[in-house]
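The sequence and model come first.

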Amino acid sequence: SRHIDQVLHLLLRKPRSNRFPWETKEEKEEMSSIPNDKLVSDLTQRVAENLEVADQDGDGAVNREERSTLPGDVRSLAEGTAEAYLGGGPLNVKSFVSSYERYVERAVRQVDLNQDGVLSTEEQVELPQGVYNSVVAMLASEEPLREGSLDSLLNELGENGWSDNDLGTFIGEVLKKDELDHYRADIYKAVMNPEMPVEDHSGARFLEAVAWYTDATVGRQRDGRLGLPELQKAVEQQSQRYLQAYGDLQASNTRLQAWKNIQKLRMLEEEIKQREQRGEGAFYPYNPMEMNSINHHEAWNSANTIDTKSEFQKSVIEASHDKPVLVKYGLTYCMHCLLLEKMGSVPAVDAKYGDEIEVRKLWWNPNDPNMEDITRVAQEEGVTSSPFFILYKDGNAVRSGYAFPDEKGEGLETLLEGYVTP
């Protein structure tokens, strides 16, 4: 129980972002004040009841399959605790509920600034993210389903997983009817559960690249295996990124990139679960050494990578008088650049737009004396970090910016607008 207490403390003390970035303070004022004792009791009872329902075999513990049926806010805590303390094995219901109650008591007491025994709306906002999510979910579940209302739209649009367009439609209707408080938890849940793309991806190579990148940037393990706790943390981070970009027209590419990243992570999650069912372990393996390398001998790379200043002059500046040339500048130690490399994103851009533009790569590294010549080219072109794309026409740079095309070559639409056919 002491170990579960420690894990819950780590899971629930994440930095908070309890307001949507596009939400005004006034929109949060509708939540009611709640007596501390009642809040702790109701939250604990909700967790206990959900775990008891999930415990389908009645053995007093919930295994991974049973935990998958829990509501999102409870599932993330139960799954994270089981992974950290039990290696993903069965989680004892009574021990978890007891530890959860103790933690919530402390959390509520700490944010009750005036010590009046009641949490106001503003005090509730200061609760740890995991606790606050449960408060929102609990209050939302207390209101009855209203036919012909936003509830029916919620069920209709989310029946087979959410699309970015459908979620935008739903959020718009929620804001129009001033019902954000009621549907806050539903919006969080929708963002983290997108519909899965029906087209094929690049198989094991694609999944290995996603696993490596996620483990290196989120888990920071780089130990050759990505587990579910790191993956779930990545989903939460990308969900926050999506919501931060929502409503900002200038950040539409960021929003769509975050959405696609969540889709990729959910696909990888399914693969990890299948591996576990086959007895291969609840993780996805990758080769750290291979993932951190660049295959310069691969056919497309060999034909389209610029290695010298003279090549740049001929293949980019001079060639752009006949046809626009797009150059991706990549630092050899840039994680995003290496992810694009492993997913084949730049060759995919060439396959998508090759009839209208030429596509090239240029790798640079200011710390490598053997790359001094080509690094000077990147610096002369104003490149300071990567992945950075510059489009050249008639010998001049006409468009530039950071971009993260996916494995289908999508993600450069704004940069290439007017130079390629939509």
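Leaving aside its neighbours within four places in sequence, which residues is serine 134 in contact with? Serine 134 is in contact with Leu43, Arg46, Asp73 and Tyr100, where contact means heavy atoms within 4.5 Å. Serine 134 lies in helix H7 (residues 129–141), and counts as buried because its relative accessibility is 1%. Buried means under 20% relative accessible area, exposed over 50%, and partly exposed in between (1.4 Å probe, protein chains only).

The model is predicted: local features need pLDDT of at least 70, side-chain atom pairs count only at pLDDT 80 or more, and totals for chains, interfaces and linings use all residues. Residues are numbered from 1 along each chain as its sequence is written, and side-chain values use heavy atoms, with hydrogens and water left out.

**Chain overview**

The protein chain has 20 helices and 11 strands. These elements are DSSP runs numbered from the N terminus: helices (H or I) have at least four residues and strands (E) at least two. Of the 422 residues in the protein chain, 50% are buried. Among contacts with a separation of 6 or more, 70% are between residues 24 or more positions apart.

**Helix pairs**

Two packed helices are described by the angle between their axes and the distance between the axes. Axes are lines fitted to C-alpha atoms, for helices over the stretch in contact, and angles run from 0 to 180 degrees between N-to-C directions.

| Helix pair | Axis distance | Angle |
|---|---|---|
| H2 (residues 36–54) and H5 (residues 93–111) | within 10 Å | roughly 155° |
| H8 (residues 150–157) and H10 (residues 180–191) | 12 Å | about 10° |

H2 and H5 are therefore roughly antiparallel to each other, and H8 and H10 are therefore roughly parallel. Angles under 35 degrees count as roughly parallel, over 145 as roughly antiparallel, 65 to 115 as roughly perpendicular and the rest as oblique.

On the H2 side, the contact with H5 involves Asn36, Leu39, Val40, Leu43, Thr44, Val47, Ala48 and Leu51; these meet Val93, Phe96, Val97, Tyr100, Glu101, Val104, Glu105 and Val108 in H5. By class, the residues of this contact are 12 nonpolar, 2 polar and 2 charged. Ala, Val, Leu, Ile, Met, Phe, Trp, Tyr, Cys and Pro count as nonpolar, Asp, Glu, Lys and Arg as charged, and the others, Gly among them, as polar.

In the other pair, Leu150, Asp151 and Leu154 of H8 meet His182, Tyr183 and Asp186 of H10. The contact of H8 with H10 has 3 nonpolar, 1 polar and 2 charged residues.

**The sheet**

An open sheet of 5 strands runs in the order E7-E9-E8-E10-E11, with mixed pairing. Strands E7 (305–306) and E11 (396–402) stand at the edges with a single partner strand each, so one side of each has no neighbour in the sheet. Strand E10 (residues 388–393) pairs with E11 in the antiparallel sense over 6 bridges; two strands pair if DSSP finds at least two bridges between them. Phenylalanine 388 has tyrosine 402 in E11 as its bridge partner.

Two helices pack on the sheet. Helix H17 (residues 335–343) touches strand E8 (325–331) and strand E9 (358–364), and its direction makes about 120° with that of E8. Helix H18 (residues 345–353) also touches E8 and E9, with its direction at about 165° to that of E9.

Asparagine 396 lies in strand E11 and counts as partly exposed because its relative accessibility is 48%. Asparagine 396 is 72 residues from proline 324 in sequence, and their C-alpha atoms are 9.7 Å apart in space.
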